[in-house]
Amino acid sequence: MRLDIPTLAVVTVFVTALLGGLLLFAGTQNRAMRAPTVWGLSFLLGATGLGLVIVRDRVPDWLSIECANALVLAGMSLIWTGARLFDRRTVRLAHIVAVPTLWFAACLLPVVGRDINARTMLCSVLAATLSVLTARELWRGRGEPLLSRWPTVLTLLGYATAMLARIPATVLMPQIATSTDVLGSALFPALAFGTLMFTIILAFLLLNMSKERTELQHKMASLVDPLSGVANRRAFLAGAEQIGAQTSAGERLGVMLFDLDHFKAINDANGHATGDAVIKLFAREAARTLGHGALFGRIGGEEFGALMRVGDGGDVIDVAQRIRLTFAAAAARSGLGVLSTVSIGVAIADDAGDDIEDLLAAADRALYRAKANGRNRVEYAGAPNPEPAASVGRDGFIGPERRAVGA
């Protein structure tokens, strides 16, 4: 079947503009994410530039060559800019105007302005460069689990490769690769069809990547406590169950449950703003002490929990003691006007067969003892089954406890 070249050209322009409109609409659905709006504008600029190219015989050359290609390159610059916005990087006006300005400046040179082959090669290099820069920006944000990120990177690199392939084609077959009659160029059908496919695929991937980001943000919002910025109760319990299921024989898990001392009195005497500040302070200090290897979350009100793999009971007691001391010191120098402390209950699972719920219950009973024994201390319940335990008092001394929970 023979392709109708003018129709293919018009379809390419129309589809590019339509996809730009869809991206603009996607941008209105989430005002916090500006990248889809920028990408939508980039597609509209590209459609305008392509439209000027295909009416070359009806408009002045400066409009169908210099301006048309500048619009296409400006559109690609906006795709790069959108990628920087998408991954929350700094954006400057130079990112948008540098390449189109370079194109205009080059066209003023006789060696470029009077030679269609030189213009073709320069435009191909600039388009390929922008595609590679956009791919690089998206690759830098690969730590975010978005499935569409990698296909987008590969699509952009594929387009850059196709643009660079025009250079040897122009050098080896200048009369075929380029022509003053754009629609009559031997390569125009391939270029138009390739541009159409690239535009559709890229727009789909950008839309899907934006959708995945929104869904990920909603998921994170449902799992993160908005005040403290750590995992909420749902996320903590789900994470604890998952870690428990993945623990192999011989590994030991340690649980810490935290309760901020006299928190209601702090709220009543100083106001909820101070209480919120104390919660944020504890979450920050505890998370910093625990590091990235532990599961940490706010499980309700002034109560927090932590789960970590440990070598022995002494490891988790040492961590709990550091949290107790660092929080008390941070509260004293915070300027909040309160001397906040924390009570901590600790429990250890000796093997993978220990149930997470039992382990949490043992830590909860140890926490209850810590509060009953004067607060601002660490109590160790040991394993869920009865055995002697230890307590850590205000002075940090670890001494023998009467009996573990359940004894």
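Glu215 lies in helix α9, which spans residues 188-223; helices here are DSSP runs of H or I with at least four residues, strands are runs of E with at least two, and both are numbered from the N terminus. This is a predicted model, in which local features need pLDDT of at least 70 and side-chain atom pairs count only at pLDDT 80 or more, while totals for chains, interfaces and linings use all residues. Residues are numbered from 1 along each chain as its sequence is written, and side-chain values use heavy atoms, with hydrogens and water left out.

Glu215 is partly exposed, with a relative accessible area of 43%, where buried means under 20%, exposed over 50% and partly exposed in between, for a 1.4 Å probe and protein chains only. Its side chain is joined to that of Lys211 by a polar contact of 2.9 Å, a term for a pair of N or O atoms within 3.5 Å; within protein, one must be able to donate a hydrogen and the other to accept it, and residues adjacent in sequence count only if both atoms are side-chain atoms. The C-alpha atoms of Glu215 and Leu146 are separated by 9.9 Å, although these residues are 69 residues apart along the chain.

The chain as a whole holds 14 helices and seven strands, and 49% of its 407 residues are buried. Of the contacts (heavy atoms within 4.5 Å) between residues at least 6 apart in sequence, 68% join residues at least 24 apart.

Axes are lines fitted to C-alpha atoms, for helices over the stretch in contact, and angles run from 0 to 180 degrees between N-to-C directions. On the α4 side the meeting residues include Val99, Leu102 and Trp103, and on the α6 side they include Leu122, Leu126 and Leu130. The residues of this contact divide into nine nonpolar, no polar and one charged; Ala, Val, Leu, Ile, Met, Phe, Trp, Tyr, Cys and Pro count as nonpolar, Asp, Glu, Lys and Arg as charged, and the others, Gly among them, as polar.

Helix α3 (residues 61-86) packs against α6 at an angle of about 10 degrees, with the axes 8 Å apart, and α3 and α6 are therefore roughly parallel to each other. The residues of their contact divide into 12 nonpolar, four polar and four charged. Helix α7 (residues 149-172) comes within 8 Å of α6, axis to axis, and the two cross at roughly 165 degrees, which makes α6 roughly antiparallel to α7.

Within α6 sits Thr134, a residue that is buried, with a relative accessible area of 3%. The side chain of Thr134 reaches the backbone oxygen of Leu130 at 2.8 Å. Leaving aside neighbours within four places in sequence, Thr134 is in contact with Met76, Ile79, Trp80, Ala83 and Leu156.

Terms used:
Parallel < 35°, antiparallel > 145°, perpendicular 65-115°, else oblique.
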